[in-house]
Amino acid sequence: MPKNLTLKAMTLGAAGVAVASASAQGVAERPKEKPNVVIILADDLGYGDLSCYGAKNVTTSNVDALASQGVRFTNCHATAATSTPSRYSMLTGEYAWRRKDTEIAPGNAGMIIRPEQYTMADAFKSAGYATAAVGKWHLGLGDKTGEQDWNAPLPAALGDLGFDYSYIMAATADRVPCVFIENGKVANYDPSAPIEVRYDRNFPGEPTGKDNPELLTNLRPSHGHDMSIVNGISRIGFMRGGGKALWKDENIADSITEHAVRFIRNHADEPFFLYFATNDVHVPRFPHERFRGKTNMGHRGDAIAQFDWSVGRVLEELDRLGLSDNTLVILTSDNGPVVDDGYEDRAKELLNGHSPTGGLRGGKYSAYEGGTRVPFIVRWPGNTQSGQVDEALSSHIDLLASLASMIDARIPRGAAPDSYNRLDCFLGKSLAPRPWVMEQAYDNTLSLLTPEWKYIVPSDGPAIVPWGTEIETGLTKEPQLFKVDDTGERNNVAKSYPAVVQRMEMIIKDVRDRNNSALKAIDALP
Ligand code: NG6
Ligand code: CA
């Protein structure tokens with residue numbers, strides 16, 4: 001299909017034809033071997049935060065090397081502008097907005113992906129891979145919200161979702177519980193300090209950031225984040241206990257990177273799938289002292305340097321084991337960047353001319369492009385071309401079906417309903433853009449992006465994220481339509497192109513209703 005695919009072509013199609021299961025939509029020629037797959041998913045890393053994407057004041061040499069050996073995408077999109085819905089969509093191939101309970105999850109959320117639901121890890125496991133999730137999870141744990149006993153094996157955990165091994169943070173570093181969970185049990189559990197967690201009220205007598213600011217020896221909150229204190233940093237939610245299992249923020253990158261590397265080492269002789277989700281560069285940013293001052297941007301810049309180090313460690317281990325040629329590495333971020341996300345780390349004051357969004361409007365939470373356009377790099381020696389830069393419109397939502405097709409995993413009927421096999425696109429072999437990409441932002445506001453247009457559904461929500469990040473939500477009462485070459489999304493042309501607005505609305509409705517006509521446009525791609 002030509003690059004300037006028309007909206008007409010996108011909306012026409014045989015209505016009423018059942019949507020084929022994602023696995024049936026394969027077009028890529030399948031390689032003979034089953035490569036290892038490593039997904040490195042950064043947190044809140046913006047489109048402009050890596051030096052290969054134009055970052056200032058920080059050099060990400062390991063990521064840049066990866067990009068120079070593979071394909072660097074300039075128009076790839078996370079499915080949502082916050083973590084939980086973005087990760088849910090990537091791992092299940094279903095848009096998070098189809099479900100009610102996929103908003104930013106508290107640390108005591110029950111498992112959002114249910115054990116019976118098909119995941120990317122299931123695809124790999126069914127194809128004989130060893131599978132692991134290491135790092136930030138943020139998709140709930142245990143059977144029911146608020147009912148977990150953190151002192152015993154959790155009744156529902158990642159083992160039920162296709163991951164043979166997991167070493168994770170339940171939610172985010174700014175949410176309790178502040179402990180790592182290994183295969184469903186608190187790692188390094190300290191029986192002398194039983195763990196209690198709740199989000200509705202404090203435990204009597206326990207200090208909080210609000211009442212005991214003198215205990216905030218490492219970081220103070222700028223907004224929210226004034227509940228339980230762990231490691232001199234106050235968090236969202238209340239916990240007590242934990243003892244020696246409690247993490248130290250400055251060691252999180254070391255700890256999860258070491259577990260990722262160990263998994264690779266332990267499975268060097270068989271195909272493996274590693275989902276490595278870093279804590280960097282989410283708040284609280286508190287990098288290890290060896291990264292302090294690596295940039296002139298304070299903790300946020302130094303956390304980017306720390307992220308780059310983690311990437312380097314993983315790549316170095318693949319090299320050392322002779323696995324690089326047979327490993328497909330994907331590096332991306334869960335959503336766009338935020339500068340002040342709730343801690344006084346002077347990230348804003350110290351930008352020194354750096355633009356985390358790379359000049360895009362908005363940021364994390366936002367319906368503007370800063371919310372969901374993310375770095376996306378793919379390297380698979382022999383299959384991707386070194387140093388390629390690819391502009392094709394693409395989305396994380398298609399990773400599941402694409403990777404499943406590559407390894408010949410059969411997706412059960414009805415699973416991963418929104419994911420399409422776009423393997424050729426992810427390997428930089430096809431310039432055919434996705435006909436449209438759905439994006440989810442603040443208040444579950446949907447946007448639709450095509451190779452020519454960006455449309456934001458009207459909303460009564462606030463113009464600015466209401467809790468202090470100073471980010472524009474992109475929400476307005478009027479429909480917004482931008483030409484894609486208006487990268488700053490400043491010139492709303494909805495009034496001049498009512499027919500386009502109508503077609504964009506139609507596509508969104510079709511996707512919402514799972515009506516085939518909009519989806520057929522993807523099937524029709526070469
Ligand atoms: C917000 C938090 C923010 C961050 C975000 C989730 C406040 C005031 N802000 O509610 O700090 O934790 O949730 O980020 O609590 S995400 O990248 O994991 O989606
Ligand atoms: Ca995030």
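Reader: Let's jump in at His225. Is His225 buried or exposed?

Author: His225 is buried in this predicted model. Its relative accessible area is 7%, and buried means under 20%, so His225 falls on the buried side of the cut-off.

Reader: OK, new topic. How many helices and strands are there in the chain?

Author: The chain has 10 helices and 20 strands. Its radius of gyration is 22 Å, close to the 24 Å that the globule rule gives for 526 residues, so the chain is as compact as a globular protein of that length.

Reader: What box do the C-alpha atoms fill?

Author: Along the principal axes, the C-alpha atoms fill a box of roughly 65 × 55 × 45 Å.

Reader: And what share of the residues counts as buried?

Author: That would be 63% of the 526 residues. As for the surface, the accessible area of the chain comes to about 18900 Å², and 48% of that belongs to carbon and sulfur atoms.

Reader: What share of the contacts comes from residues 24 or more positions apart?

Author: Counting contacts with a separation of 6 or more, 73% are between residues 24 or more positions apart.

Reader: How is the chain divided into domains?

Author: Domain 1 takes in 3-190 + 248-426, and domain 2 is 437-523. The C-alpha centres of domain 1 and domain 2 lie 24 Å apart.

Reader: What about charges, how many positive and negative ones?

Author: There are 55 positive and 66 negative charges, and their mean positions are 3 Å apart.

Reader: Back to single residues. Which residues is Asn108 in contact with?

Author: Leaving aside neighbours within four places in sequence, Asn108 is in contact with Lys144, Thr145, Gly146, Gln148, Trp150, Val197, Arg198 and Tyr199. Asn108 itself sits in the loop between α3 (83-92) and α4 (120-126), and is buried at a relative accessible area of 7%.

Reader: How far is Asn108 from Asp280?

Author: Their C-alpha atoms are separated by 21 Å, while along the chain Asn108 and Asp280 are 172 residues apart.

Reader: What kind of peptide bond joins Asp280 and Val281?

Author: A cis one, with omega at about 10°. Val281 is in the loop between β12 (272-277) and α6. Another cis peptide bond runs from Val176 to Pro177, with omega near 0°. Pro177 lies in the loop between β5 (165-169) and β6 (180-182).

Reader: You mentioned α6. Where is Arg313 found?

Author: Arg313 is found in helix α6, residues 298-320. Arg313 is buried, with a relative accessible area of 17%. Beyond neighbours within four places in sequence, Arg313 is in contact with Thr257, Glu258, Val261 and Arg265.

Reader: How many residues of α7 are buried?

Author: Helix α7 (residues 399-407) has 9 of its 9 residues buried. Among them are Leu399, Leu403 and Ile407.

Reader: Which way do residues three or four places apart point in a helix?

Author: An α-helix has 3.6 residues a turn, so residues three or four places apart point the same way.

Reader: What happens just after α7?

Author: Asp408 comes there and takes a positive phi of about 65°.

Notes. Residues are numbered from 1 along each chain as its sequence is written. Chains are lettered from A and ligands numbered from 1 in the order in which they are written. This is a predicted model: local features need pLDDT of at least 70, side-chain atom pairs count only at pLDDT 80 or more; totals for chains, interfaces and linings use all residues. Side-chain values use heavy atoms; hydrogens and water are left out. Helices (H or I, at least four residues) and strands (E, at least two) are DSSP runs, numbered from the N terminus. The radius of gyration is taken over C-alpha atoms; the globule rule is 2.2 Å times the number of residues to the power 0.38. Buried means under 20% relative accessible area, exposed over 50%, partly exposed in between (1.4 Å probe, protein chains only). Contact means heavy atoms within 4.5 Å. Accessible areas come from the Shrake-Rupley method with a 1.4 Å probe; for residues, only the protein chains shown count as cover. Lys and Arg count as positive and Asp and Glu as negative; His and the chain ends are not counted. The place of a charge is taken as NZ of Lys, CZ of Arg, CG of Asp or CD of Glu. Domain bounds come from an automatic or database domain assignment.
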